[in-house]
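Please examine the strand pairing and helix packing of the model shown here.

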Amino acid sequence: MRILIIEDEKRVAGFMRRSLLETGYAVDCAYDGQEGLEFAQTTPYDAIILDLMLPKRDGLSLLKTLRQRGVATPVLAVTAKGTVHDRVTGLNSGCDDYLVKPFAVVELVARVRSLLRRGMAQTAALQVDDLILNTTTHTVTRAGKAVTLTAKEFALLEYLMRNAGQVLTKTMIEQHVWNYDFDSGTNLVEVHMSHLRNKVNRGLHPALIETVRGVGYVLREPPGEGP
Ligand code: CA
């Protein structure tokens, strides 16, 4: 899950970014309305957190432009207390939810989770063979036994499961699970994937996560058990 924060107050943006990173999301920050619009149009985000009072282009105008251009990414608007409240809560603003400043970290994370669920309009549980991942409870089981994952491993597995049967390249994984400031010269993807593979496969048959040498990774649906 990759999230864009558009917020000109760097301290607030930094605090939101940290709490979402800790939850396991990839996060980019844009610091004015123009930059935010460019980011939102060029990268397929899973959710956008949008401060409404922004330099260069205000949040509601940004949102209107995005919607006119067909970008349907769910948006959580952030407003200062008492400002533009009525317009945001109105039916035509184009935002999916709003949060009034100041807010607690837990509230922000809860709203983003709920936004992501709505955006995907899918069930919370993903299943491939005997592997089950629950995006609401953030738990994973294989053959009925709990698999303990780090936040990054969980994000990787969710991405693999949503694209089961499809080979995902290292670049696709980097773009979806990491941020813009990610240094693609590192072997971080390999390291995290290797840990994840060991935890999920655990010597069980079939080995669900496979490395496709020179190409990337795939979570295989076992043959003959498809829908
Ligand atoms: Ca602001």
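## Basis of the model

The model is predicted, so local features need pLDDT of at least 70 and side-chain atom pairs count only at pLDDT 80 or more, while totals for chains, interfaces and linings use all residues. Residues are numbered from 1 along each chain as its sequence is written, and side-chain values use heavy atoms, with hydrogens and water left out.

Helices (H or I, at least four residues) and strands (E, at least two) are DSSP runs, numbered from the N terminus. Two strands pair if DSSP finds at least two bridges between them.

## Parallel strands around β4

Strand β4 spans residues 75-80 and is mostly covered, with five of its six residues buried (buried means under 20% relative accessible area, exposed over 50%, partly exposed in between, with a 1.4 Å probe and protein chains only). Strand β3 (residues 47-51) pairs with β4 in the parallel sense over four bridges, and D51 stands opposite V78 in β4. Between β3 and β4 the chain passes through helix α3 (residues 59-68), and this β-α-β crossover is right-handed; that is, with the strands pointing away from the viewer, the path from the first strand over the helix to the second runs clockwise.

β4 also pairs with strand β5 (residues 97-101), in the parallel sense and over five bridges. In β5, L99 is the bridge partner of V78.

## The antiparallel sheet

Four strands form an open sheet in the order β6-β7-β8-β9, with antiparallel pairing. β6 (125-128) and β9 (145-147) are at the edges with a single partner strand each, so one side of each lacks a neighbour in the sheet. Neighbouring strands of this sheet are turned by 25° against each other on average, direction ignored.

Strand β8 (residues 139-142) pairs with β9 in the antiparallel sense over three bridges; T141 has A146 in β9 as its bridge partner.

Helix α6 lies across β6, β7 (131-134) and β8, and runs at about 115° to β7. Axes are lines fitted to C-alpha atoms, for helices over the stretch in contact, and angles run from 0 to 180 degrees between N-to-C directions.

The axes of α6 (residues 151-162) and helix α8 (residues 188-201) come within 10 Å and cross at roughly 75°. α6 is therefore roughly perpendicular to α8 (65 to 115 degrees; under 35 is roughly parallel, over 145 roughly antiparallel and the rest oblique). In α6, K152, E153, L156, L157 and L160 meet H192, M193, H195, L196, K199 and V200 in α8, where contact means heavy atoms within 4.5 Å. The residues of this contact divide into six nonpolar, two polar and three charged (Ala, Val, Leu, Ile, Met, Phe, Trp, Tyr, Cys and Pro count as nonpolar, Asp, Glu, Lys and Arg as charged, and the others, Gly among them, as polar).
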